[in-house]
Amino acid sequence: MANKVSPRLAWGALFVAVFSVALALIVGPHNFAWSHGFMLGGSGPVNVNGHPLALGDHVQVTYYLWLWWDGIVHGHLPFVDPYQFVLTGHRTVIVLGWPLVLLFVPVTAIAGPVAAFNATVVVGFFASAVCAYLLARALGISRAGGLVAALAYAFAPWRLVQSGHIGTYLGFLPPLILYLAERALRSERDNRRWAWGCAAAYVSLAASGDLHTTLYTTPLLVTFVIVRAIGVPRERLRSLLLPAVVLVAGSAFVLGAQYEFLLAHESHNPNAVNINLAPGYAPRISGLFHPRHGSEQYDYPGAVIALLAVLGAIGAFITKRTRALSVWLVAVIGIAYVVAFAPAFAPAFKLMKALPLTGFIRVPGRDLVVAVLALALLAGFGISVLERRWSAWFVLPIALVLLVADVNLASGSFTYTSAGDNVLAAVPKNAAVMDLPPFPPWHHGGSRYMLDLTRHPGARASGYNVLVPDDVWNAQQQTWTLATVPVDACAWKRLATHMGFRYTAVHADLFGPPPYWPIAEMASHPVTSAALVKALDGTPGFHLVSSVDDTTVYHIVPAELHC
C-alpha cells in the first residue's frame, strides 16, 4: 500500500509546485495582494498612494459576495441589496455568490472582504486546475497530459482576460460536473453517489447567479452524457434516473426563481441586458491571432494549447476507444466559436434574435468557457501522443514552459490596484450618502461606491447593476443634475428631502475623460471635480466634513439651501 500511495503523493506535490510557479509567473509577484488592494486591474484615471484605484467588475463581485457576510451580521437575506439604489425608493434583488461564499465569508471574518476576494481568485484558479486534471485523468489522459490540461484550462488566455468576472472563479464547476458525470456513468462502483454529486454541482452552478456559465454548461453536460453513455449497461443508466430527475427539477426551480425575480423585471434601457449589444461585444475571427487583443471580444485560444489540441484530436480520433470523445470535443470547440462569432454577422444575428433564451445574451463570447475546456482536454491528449515517442519527463517541462510563456501574453488583467482608505470614515454610521458623480446603473464607475459600502454601509442612490428595473433607472437619473455647476440649490433641497440623505461625497478620481464623468448624456453640462467642490464650498447649506483620497464629504442642511 505504501508503494502505491507514495507516487501519488509525490505527483500531488509536483502538481501543487508546478501550479504555484505558473501562478507566480503569470500573476507577477508584485501583483499579489491581501487586504489593502486587489490583484486584478481595472482602475480610475487617478492613482492613490502610487497605485491605480480599484474599479471594475471584480469590485462588483466583491460587494455581492460581501452581502452574504453582511446578511449574517445584520440579519438580512443575501439576495436583497439593502444599500444600492435604496434612496430611489427601491430595493433590488441580486443572486450571486454561491458556492464561492463558503470560502469568502470565513476569510472576510478574519481579514475583510478585499482579502477574501484575493483568496477567492487564487483558490478559484487552483480548484479549476484540480477539477480539469481529475476530468482529464477520468477520460484516460496520462498524468503528464492531465497536468498540461489542468494548466491549459486554469490559465487559458480567455480565462485570464475574463478574470474580473465571477465566471472565472466558478470555472472549476464545468470540469467538476463533467468529472462527476463520467464517474457516475463509467465507474465500477458507487455510481449513484457520483450522480448525486453531479446533481449537487450542477444545481450549485445554477444557483451561483452566473447565467452565462450555466447556459453554456447545460448543452455541454447533456451532449457529454449522451456520448459517454454509449456502451454503458442499461441497468446502470436506470439506477441514475433519480439523481438526473433531481438535477433537472432543482436547477429548473432555481433558474425559474432567478427569471421571476431578476430577468422578468429587468430594465428596457438600451444599456441594460439587451441582445442588441451582442454585435458590439461579439469576438472577431481576426482576434484568434491576437493574444493581446480585446476584452469581451477576446478569443485567442493560445498557440501552444491549439497546436497540442490539434495533435491530441488526431491521436484521440485514431484510437477507437476515444474516437467519439475526440469528435465531441472538436464539435464543442467549433460550435462555441461559431456561436461567439455569429452576432457580428447580420444574417446570423437576425436568426439569433428569433431564438428562445438568446434575448439575455449580450456578451456572446462568454460561451468560450466550454471551448477552452475542450481545448485543454485535447491538449492533454496531445501530450499523451508525444509520450508514445518521448519520455514524459522530457516532454512535460518543455510543454509547460512554452504553455506558460504563451498564456502570459494575456496576463495583463493582473495589476495591483489599491483599495484606498475609508473615505467615508467621518460620516456617521449607517448614514445615507449621495455619491457624486451619480453614475447610472450600467456604468462600472459605480463599482467604486460598492467598495465604499463594504467599509461604510448605508443607503445610496447609485450603484452598479444592469439588471435593476426601469423604475430605478428613471429615479436615479433625477440625481444627475446634482453633478452640475452652478449648483442647483432647489434640486439639492428637493432630492435631499425626498430621498432622505444628508451627506454627499464628491469623488474627484471619478471625474475625467470618457468613460468617466460627465457621461455622454451629460456632455452638455461639462464639469470638473475641482469646479464642483469649489461651487459646493461657496453654497450655503454645505458643510465640509472631510477630504480623504481625493474624496470630499459634505454635510447637507436642507433648511439652509436658498431656493
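Modeller: Arginine 159 lies over the face of tyrosine 153, 4.8 Å from the ring centre. Phenylalanine 317 has a charge over its ring too: the charged end of arginine 323, 5.4 Å from the centre. To count, NZ of Lys or CZ of Arg must be within 6 Å of the ring centre and within 35 degrees of the ring normal.

Keep in mind that this is a predicted model: local features need pLDDT of at least 70 and side-chain atom pairs pLDDT 80 or more, while totals for chains, interfaces and linings use all residues. Residues are numbered from 1 along each chain as its sequence is written, and side-chain values use heavy atoms, without hydrogens or water.

Now for rings against rings. There are 22 aromatic pairs, where Phe, Tyr or Trp (its six-membered ring) centres lie within 6.5 Å; planes under 30 degrees apart are stacked, over 60 edge-to-face, the rest tilted. One of them is tyrosine 179 with tryptophan 194, edge-to-face at 5.9 Å centre to centre and 80 degrees between the planes. This pair links distant parts of the chain, 15 residues apart: tyrosine 179 is in helix H8 (residues 173-186) and tryptophan 194 in helix H9 (residues 191-207). Helices (H or I, at least four residues) and strands (E, at least two) are DSSP runs, numbered from the N terminus. Tyrosine 179 is buried at 11% relative accessible area, whereas tryptophan 194 is partly exposed at 22%. Buried is under 20%, exposed over 50% and partly exposed in between, using a 1.4 Å probe and protein chains only.

Tryptophan 492 and phenylalanine 501 make an edge-to-face pair because their planes stand at 75 degrees, with the centres 6.3 Å apart. Both tryptophan 492 and phenylalanine 501 are buried. Elsewhere, ring pairs build a cluster out of Phe15, Phe19, Phe125, Phe126, Tyr133, Phe155 and Phe414.

Go back to H8 and H9 for a moment. In the loop between H8 and H9 you'll find aspartate 190, a non-glycine with a positive phi of about 55 degrees. Aspartate 190 is partly exposed, at 36% relative accessibility. Most residues other than glycine have a negative phi, and most peptide bonds are trans.

Leucine 436 and proline 437 are joined by a cis peptide bond, omega about 5 degrees, and proline 437 is in the loop between S7 and helix H19 (447-455). Valine 485 to proline 486 is cis as well, with omega near 0 degrees; proline 486 is in the loop between helix H20 (470-477) and helix H21 (489-499).

Next, the sheet. Four strands form it, open and with mixed pairing, in the order S7-S8-S10-S9; strands pair if DSSP finds at least two bridges between them. S7 (433-436) and S9 (542-548) are at the edges with a single partner strand each, so one side of each has no neighbour in the sheet. S8 (residues 503-507) runs antiparallel to S10 (residues 551-556), joined by 5 bridges, and S9 and S10 pair antiparallel over 6 bridges. Tyrosine 554 in S10 has threonine 504 opposite and also leucine 544.

The S9 and S10 hairpin has 2 residues between the strands, and aspartate 549 there takes a positive phi near 50 degrees. Aspartate 550, in the loop between S9 and S10, has a positive phi too, near 65 degrees. At 42% relative accessibility, aspartate 550 is partly exposed.
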